[in-house]
Amino acid sequence: MLAESLALSAALFTIGVVGVLTRRNAIIIFMCVELMLNAVNLVFIAFSRAYGAAGQVFVVFVMTVAAAEAAVGLAIIIAIYRHRQTVDLQNINIMKG
Amino acid sequence: MEPHYPLFYTFHFYLFGVIALASALAFVTRRSPVAAALWLVNTMFSLSALYVLLDAQFIGVMQVLVYAGAIMVVFLFVIMLLNLGHPAEIADRRGRWAVLGATVVGIILLAEVMFIGRGDLAKKYEVPRGFAAEQLQKFGAVGTIARPLFNEYLLAFELTSVLLLVAIAGAVVLGRRRDGAPRAR
């Protein structure tokens, strides 16, 4: 089942990347990043079956970092929304120069 | 030689894999953020089923509790707090060239990763028969993770708590109102 897991994870990761590149809603882009993290977790789990529990420990760390990232990122999105009244990234281009 | 799996196991593995893939595709194509978030929750549920099939029961439970239960609920809270439920005014895609470019990038990336996964890598790391099952027999689902987590990775575990503290402080600072008069001073 290792090859199947790797293929599924690759497909999920690619869907996440395409989502980040094609969407403009900041929250949906954020959820695409979560999908990519999930794809990586699947690889960790698939390999941890052969190599012991270190992969599962890493998945726990990835989940923690994802939770922290979600909290900070959503706070940033709320702050931007308060400032600009939008979360459309097309309108948030002040740092483009 | 990979161990032979019973048909029941293979069927469910492919079933949940297809559900995860279809939900992910539905997730990136929905216009409404709420519908997208719910499809992503569906993806995470089927991934947790895959974790259980891959002998990581504790991670499967954590996936449902932390990802689907906590993180996605926070996302839905923010979507509804900002009142982003109207697909007409939000969630537009980028222009045609961006979509075309993203498709090309996606195909190239998928081909690369598939090539890596299909090639020597998957064959080199053969799964020894019953390794994870043996661990599970000896330590249980929680002990399998807890032993390395509190032995080799103790420092990383403690640093994670600092990370969470910083994240909480950052979220509070960022989410605070600045424009109005400060309420408590």
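**Paired helices at the contact of chains A and B**

The axes of helix 1 (residues 2-22) of chain A and helix 1 of chain B come within 10 Å and cross at roughly 5 degrees. Helix 1 of chain A is therefore roughly parallel to helix 1 of chain B. Angles under 35 degrees count as roughly parallel, over 145 as roughly antiparallel, 65 to 115 as roughly perpendicular and the rest as oblique. Axes are lines fitted to C-alpha atoms, for helices over the stretch in contact, and angles run from 0 to 180 degrees between N-to-C directions. The model is predicted: local features need pLDDT of at least 70, side-chain atom pairs count only at pLDDT 80 or more, and totals for chains, interfaces and linings use all residues. Residues are numbered from 1 along each chain as its sequence is written, and chains are lettered from A and ligands numbered from 1 in the order in which they are written.

In this helix 1 pair, A:E4, A:L8, A:A11, A:L12, A:I15, A:V18 and A:G19 of chain A meet B:F13, B:G17, B:A20, B:L21, B:A24, B:L25 and B:V28 of chain B. Two residues are in contact if their C-beta atoms, placed from the backbone, lie within 7 Å. By class, the helix 1 contact has 11 nonpolar, two polar and one charged residues. Ala, Val, Leu, Ile, Met, Phe, Trp, Tyr, Cys and Pro count as nonpolar, Asp, Glu, Lys and Arg as charged, and the others, Gly among them, as polar.

Helix 2 (residues 26-51) of chain A packs with helix 2 of chain B at an angle of about 5 degrees, their axes 11 Å apart. These two helices are therefore roughly parallel to each other. Chain A contributes A:I27, A:I28, A:M31, A:E34, A:L35, A:N38, A:L42 and A:I45 to the contact, and chain B contributes B:P33, B:A36, B:A37, B:L40, B:T43, B:M44, B:L47, B:L50 and B:Y51. The classes are 14 nonpolar, two polar and one charged.

The contact between the chains takes 72 residues from chain B and 61 residues from chain A. On the chain B side, helices 1 to 6 each give two or more residues. Helix 4 of chain B supplies the largest share, 13 residues. This side has 57 nonpolar, 10 polar and five charged residues.

Chain B has six helices and zero strands. Helices (H or I, at least four residues) and strands (E, at least two) are DSSP runs, numbered from the N terminus. Buried residues make up 24% of the 185 residues in chain B. A residue is buried if 20 or more other C-beta atoms lie within 10 Å of its own, exposed if 12 or fewer, and partly exposed in between, with C-beta atoms placed from the backbone.

B:V18 lies in helix 1 (residues 7-29) of chain B. B:V18 counts as exposed because it has 12 C-beta neighbours inside 10 Å. B:V18 and B:S46 are 28 residues apart in sequence, and their C-alpha atoms are 9.0 Å apart in space.

Helix 2 of chain B has 21 residues and reaches 30 Å from its first C-alpha to its last, close to the 30 Å expected at 1.5 Å a residue. Just after this helix, B:D55 takes a positive phi of about 65 degrees.

Helix 3 of chain B has a kink of about 30 degrees, centred on B:M72. The bend at a residue is the angle between axes fitted to the seven residues ending there and the seven starting there. Buried residues in helix 3 include B:F58, B:Y67, B:I71 and B:F75.

Notes. Expected span 1.5 Å × (residues − 1).
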